[in-house]
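Student: I would like to learn how to read pockets in a protein model. Could we work through one example?

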Amino acid sequence: MAQAKYYVVWVGHQPGIYRSWADCQAQTKGYPQARFKSYESEAEASKAFERGWQKSLNFSGSGSASASGKAASNEAPPEVDYNSISVDVGCSGNPGIVEYKGVDTRTGEIIFYQGPISKGTNNMGEFLAIVHGLAYLQKQGSNKTIYTDSVTALSWIRKKEVASNLVRDASTEEIWTLVDRALKWLKTNTYTNKIVKWDTKKWGEIKADFGRK
């Protein structure tokens with residue numbers, strides 16, 4: 001039996017905590033810049049609702065103490081271009097519910113957030129996050145770099161093709177609609193932004209990390 005989920009809606013038709021994905025969708029679908037997220041327990045959901053979406057959706061906070069007793073730095077080495085955005089995905093199951101976000105690499109401030117998308121894959125979410133970032137930066141007239149930790153998504157961006165085995169049916173219609181739209185954007189727009197693979201071994205987790213590993 002699937003574990004119950006609790007859906008927090010911070011920004012939507014009626015903010016609150018909901019017990020089903022259908023109820024969450026009813027409050028957020030079609031609502032501009034809706035902000036919502038799923039949690040495993042009611043206690044977690046209640047705390048997150050009180051914190052607000054700005055804090056609850058930003059997992060890139062300051063470093064914690066390491067095993068050696070030294071403070072873990074929230075700063076990456078100098079070779080990182082801080083005048084950039086970083087993107088990442090959170091996926092509950094694969095396939096499963098997908099969320100993604102883009103943040104300011106220097107501050108961790110959330111620039112855009114999308115989700116939960118009812119059913120998709122990690123790679124599809126990574127791909128959508130990059131294209132969302134490109135479209136966002138184009139509107140801003142910005143040539144900033146985009147960082148991603150997904151080799152697969154980078155490959156899909158270069159080829160302008162998505163090689164996913166996810167079946168197209170009613171349960172995956174939402175993410176496939178977004179992917180098809182993203183592919184159309186790639187094929188009809190040009191950009192000069194660099195898209196760079198985040199070096200996790202050197203720099204630690206990407207600044208947009210959802211903290212679910």
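Student: Which helices each supply at least two residues of the lining of the second largest pocket?

Tutor: This is a predicted model. Rolling a probe the size of a water molecule over the atoms shows where empty space is left. Here, the second largest pocket holds about 380 Å³ of space, and H4 and H6 each give at least two residues to its lining. H4 has the largest share, six residues.

Student: Which residues line the second largest pocket, and how do they divide into nonpolar, polar and charged?

Tutor: Among them are Tyr-100, Gln-114, His-132, Lys-139, Leu-178, Arg-181 and Trp-185. The lining divides into eight nonpolar, two polar and two charged residues.

Student: What is the volume of the largest pocket, and which residues are closest to its centre?

Tutor: Its volume is about 640 Å³. Of its 24 lining residues, Phe-36, Gln-114, Gly-115, Glu-174 and Leu-178 are the closest to the centre. Elements that contribute two or more residues are helices H1 (21–28), H4 (122–140) and H6 (173–188), along with strands E3 (35–39) and E6 (110–120).

Student: Which element gives the largest share of that lining?

Tutor: E6 does, with eight residues. By class, the lining of the largest pocket has 11 nonpolar, nine polar and four charged residues.

Student: How many helices and strands does the protein chain have, and what percentage of its residues count as buried?

Tutor: The protein chain has seven helices and eight strands. Of its 213 residues, 47% count as buried. Its accessible surface is about 11,400 Å², with 49% belonging to carbon and sulfur atoms.

Terms used:
Residues numbered from 1 in each chain as written. Predicted model: local features only at pLDDT ≥ 70, side-chain atom pairs only at ≥ 80, totals over all residues. Heavy atoms only, no water. Helix = DSSP H or I, 4+ residues; strand = E, 2+ residues; numbered from the N terminus. Buried < 20%, exposed > 50% of the residue type's maximum accessible area, 1.4 Å probe, protein only. Areas by Shrake-Rupley, 256 points an atom, 1.4 Å probe, with all protein chains shown as cover. 1 Å grid on protein atoms, 1.4 Å probe; cavity = no way out; pocket = protein on both sides within 12 Å on 5 of 7 lines; lining within 4 Å. Points joined across faces, edges and corners; volume = space filled by probe spheres on them. Nonpolar A, V, L, I, M, F, W, Y, C, P; charged D, E, K, R; others polar.
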